Amino acid sequence: MNTGNNVRMGPFELCDPVAQAMARTQRNGGQQFPGKLFVVEGIDGSGKSTQLSLLHKWLESKGYGVVFSTWNSSPLVKDTTKLGKKKKMLTPATFSLIHATDFADRIERSILPLLKAGAVVLCDRYVYTAFARDVARGMDRQWVRELYEFAMKPTVAFYFRVPLETAIGRLVTARDGFKFYEAGLDIGLSDDPTESFRLFQGRILQEYEKMIPEFGLTVIDATLPVEVQQAEVRQIAKTHLDRAKDLRVRP
Amino acid sequence: MRKTYGKQLPGMQLADLAGKLIVVEGTDGAGRTTQINLLKTWLEEQGHAVLDTGMTRSPLAGEGIRRAKEGNNLGRVTQSLFYATDFVDRLENEIAPALRAGFVVLTDRYIYSLMARAIVRGMDEAWIRSIYSVALVPDAVIYLRIGVDELIPRVIFSRGFDYWESGMDVFPGPDMYENFRSYQTALLAEFDKLSVEYRFETVDASADVKTVFAELQKKVMRILEGDSRKEYVSKRYEEMVEGALARPPEAQARDASSKDLEWWLHTAAARQAANGDGRNVA
């Protein structure tokens, strides 16, 4: 991503993508928002959602105005995604685009205005999920990064790093069977869902590893006890919130 | 060999895409749909297999886009990406397979309309170009150009002003007529810029339907004449007719049960007669 001047994920922190596009000549003047954006990333079974939900509860107890947004949840777009998945109509390219559409809707109508208003926004999965999955499906690395250029750089992106076998072990006990796209069965790595899942998640893991230095992801050792991880997450979040001005508090 | 605008989608075998991809572009009300219908009939009469496609016709995203546009909450980035999803679904599942099968693909709008609309809505040009870098470079882009002043009466006396075609989401005023003018003028300016960059073949669409169609026929004919398949097809045809004629009468009688061959023999006979060739075909 650090390849040129037209990169928005890098140089600006929490700026308005539309305003940016309109003021292309003023690229260096990225507008700062009062809100804070914390995102969690990691493969399935890394425990990131558990950690985010604990962070959510803690922030609320501290009186912050917190809003939670999850991957694939736009009311405008999710029916199309569901249709595509159910009927197995999605190719790597349309899989990528429909998720970007969903994400764009959440950015435009929810995340962006909330950050402007000074809220703390928590996202379960962010652009890095798309970068990892889409590239694992064979999409061009640069193309996918440019596709998400409208996204704002999060305050902190926590990456819950876990070995593949640990994650699979957690998932196998937690649920029965993998879904078609989740296991990457659409790209034909293996006919066996569990084996396909293993291969596909392995690729995703490799992509995450490359993104740690590329985007400065904050790595949390997800093999540690839940409480230890959470203490670290809260500590890091706190340093950003203590410095923040104009944050909203709960009424 | 067919090219893309920079990036290749996984699984897209460019060497296989032998058909012809003809784009008809133009603003709202330029008469694209009418002309495409005429072209399709005309090409089919000449024996070409034709696929026609257009915006929001994808089985994946067409319905979703229609539903999203009914509400009042479709953002600009979301809108651009939703259309990109629709486009790529059709590119991969309709356009590319049809080209692979040797079809003439007529598309009502292509990436240029999508780019113009996005740019007018303030999207970053480099961003939108990057997304559509996966598109196939067409064999021709025919641009039906019409000025705003000629466009307005067409719109008034057909379907009236529409919310999106009037750019009500782009311009702040409440006046649909004023917004229509401003929006279509901005689109036109963008199209004119794109027409240079992407070498559109511009046709004056303010003329009557017949005149425009005649112009289009000329352009399409030129594209199809440069088609290497044409020679191949006619050569194969000759071979088959010759083969059928060389057979003994009994075999010909047997073959005559096949409708296709009957037709070949019939045409062959007519051709021979027309050529004054004395060879006797029963």
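This is a predicted model: local features need pLDDT of at least 70, side-chain atom pairs count only at pLDDT 80 or more; totals for chains, interfaces and linings use all residues.

Me: What covers the buried residues of helix 2 of chain B?
Reply: The cover includes helix 3 (78-86) of chain A and helix 3 (76-100) of chain B. Helices here are DSSP runs of H or I, at least four residues, numbered from the N terminus.

Me: OK, which residues of helix 2 of chain B are buried?
Reply: G64(B), I65(B) and A68(B). Buried means 20 or more other C-beta atoms within 10 Å of a residue's own, exposed means 12 or fewer, partly exposed is in between, and C-beta atoms are placed from the backbone.

Me: And which exposed residues sit on the face turned away?
Reply: R66(B) and E70(B).

Me: New topic: how do helix 4 of chain A and helix 3 of chain B cross?
Reply: The axes of helix 4 (residues 92-116) of chain A and helix 3 of chain B come within 8 Å and cross at roughly 170°. Axes are lines fitted to C-alpha atoms over the stretch in contact, with angles from 0 to 180 degrees between N-to-C directions.

Me: How many residues does each chain put into the contact?
Reply: Chain A gives 34 and chain B gives 29, where contact means C-beta atoms, placed from the backbone, within 7 Å.

Me: Which helix of chain A gives the most?
Reply: Helix 4 of chain A, with 12 residues.

Key
Residues are numbered from 1 along each chain as its sequence is written. Chains are lettered from A and ligands numbered from 1 in the order in which they are written. Helices (H or I, at least four residues) and strands (E, at least two) are DSSP runs, numbered from the N terminus. Two residues are in contact if their C-beta atoms, placed from the backbone, lie within 7 Å.
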